[in-house]
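Student: I am new to this structure and would like to go through a few of its residues and elements step by step. Could we begin once it is in view?

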Amino acid sequence: MCIITRPSHKLTTFERIMNKQVRAKKHLGQHFLHDEGVAEKIGNTLTLNNYKNVLEIGPGMGVLTKYLIKNPIQLIAMDLDRDSIAYLNENYPEDNLKIVEADFLKYDLTALFGKEQFAITGNFPYNISTQIVFKTLEWRDQIPEFTGMFQKEVAQRICEKEGSKAYGIISVLTQAFYDAEYLFTVKPGVFNPPPKVDSGVLRLTRKKDYSLACEEKMLFKVVKTAFQQRRKTLRNSLKSFQLSDKLKEDTIFGQRPEQLSVQDFITLTQKLADDAISTHD
């Protein structure tokens, strides 16, 4: 391989990757995006409405970072890879960028933003992408918008509607609080090393009213229990909730979980809660 010897700051992202200034690490699920057009397109997925803080997860060598920092925002780039952190510190001195070496899944985000609103974006490591979404749900009071790149199958599943085999736990729980939109597909050839699958970019926009008409923990339990036996009707998969004979007659329990909309699951959860109260009275 020919090593390109121009000064580092004058190299394109692809040339930097080919020079292996930061080596992609398999155990971190790293696939470095080198297509500037795709990076810019992802950078434009945030609407940047009503907030000034953005957290980028997994910036790598900053191919997306460079487009984000052009906006009038305060950007925090968080990565677990020390090589990436060192590279970013050396090559991105911008005043509106803070670089943090940390594990997003274990990090207390109040240390970065206090109680302020912030958006999340990034080219997410595939091996923790669903965990990133679930942590976002935990912090939904402060996260009005979320965009980023996932394995295509995962991105589609998050955005899927009822009636599909791809519709599942993460679809329902995400869409209970956010409007989910699949934006575009990204082919493997724009990464180094290229993944074995296509990637997909999505946008989550927090609903204006994202409060639930049921108890949150119970909703999560109902959805997870139902989809663990997704081929069974709810009358059978939800037996552990000790349904009363009257509730078993409700037509909703004759359906399978993928047939229920998000609102149906919320209604179902409230019915179960009401049934439990009446049973114990």
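Student: Is Leu-48 buried, partly exposed or exposed in this model?

Tutor: The model is a predicted one, and in it Leu-48 sits in the loop between helix H2 (36-43) and strand E2 (53-57). Buried would require under 20% relative accessible area and exposed over 50%. Leu-48 has 25% relative accessibility, so it counts as partly exposed.

Student: What is the phi of Leu-48?

Tutor: Most residues other than glycine have a negative phi. Leu-48 is not a glycine, and yet its phi is positive, at about 55 degrees.

Student: Why can the buried residues of helix H4 be said to lie on the same side?

Tutor: In helix H4 (residues 82-91), the buried residues are Ser-84, Ile-85, Tyr-87, Leu-88 and Asn-91. They are placed on the same side of H4 because the arc they cover around the axis is only 165 degrees. The face turned away from this buried side carries the exposed residues Arg-82 and Glu-90.

Student: What lies 2.9 Å from a polar atom of the side chain of Asn-91?

Tutor: Asn-91 has its place in helix H4, and with a relative accessible area of 17%, under the 20% limit, it is buried. The atom that lies 2.9 Å from a polar atom of its side chain is the backbone oxygen of Tyr-87.

Student: How far apart should the ends of helix H9 be, and which residue caps its N-terminal end?

Tutor: Helix H9 (residues 216-228) has 13 residues, and at 1.5 Å a residue they should span 18 Å, which agrees with the 18 Å between its end C-alpha atoms. Among the buried residues of H9 are Met-218, Leu-219, Phe-220 and Val-222. At the N-terminal end of H9, a side-chain oxygen lies 3.2 Å from the backbone nitrogen of Lys-217, and the capping residue that supplies this oxygen is Glu-215.

Student: Is Gln-142 buried or exposed, and what separates its C-alpha atom from that of Phe-113?

Tutor: Gln-142 is placed in the loop between helix H6 (129-138) and strand E6 (145-151), and its relative accessible area of 12% makes it buried. Along the chain Gln-142 and Phe-113 are 29 residues apart, while the separation of their C-alpha atoms is 9.1 Å.

Student: Is Glu-249 buried or exposed?

Tutor: Glu-249 lies in the loop between helix H11 (245-248) and helix H12 (262-280), and its C-alpha atom is separated by 9.0 Å from that of Arg-235, 14 residues apart along the chain. Its relative accessibility is 65%, so Glu-249 counts as exposed.

Key
Residues numbered from 1 in each chain as written. Predicted model: local features only at pLDDT ≥ 70, side-chain atom pairs only at ≥ 80, totals over all residues. Heavy atoms only, no water. Buried < 20%, exposed > 50% of the residue type's maximum accessible area, 1.4 Å probe, protein only. Helix = DSSP H or I, 4+ residues; strand = E, 2+ residues; numbered from the N terminus. Arc of directions from axis to C-beta. Expected span 1.5 Å × (residues − 1). Polar contact = N/O pair within 3.5 Å; in protein donor to acceptor, adjacent residues only side chain to side chain.
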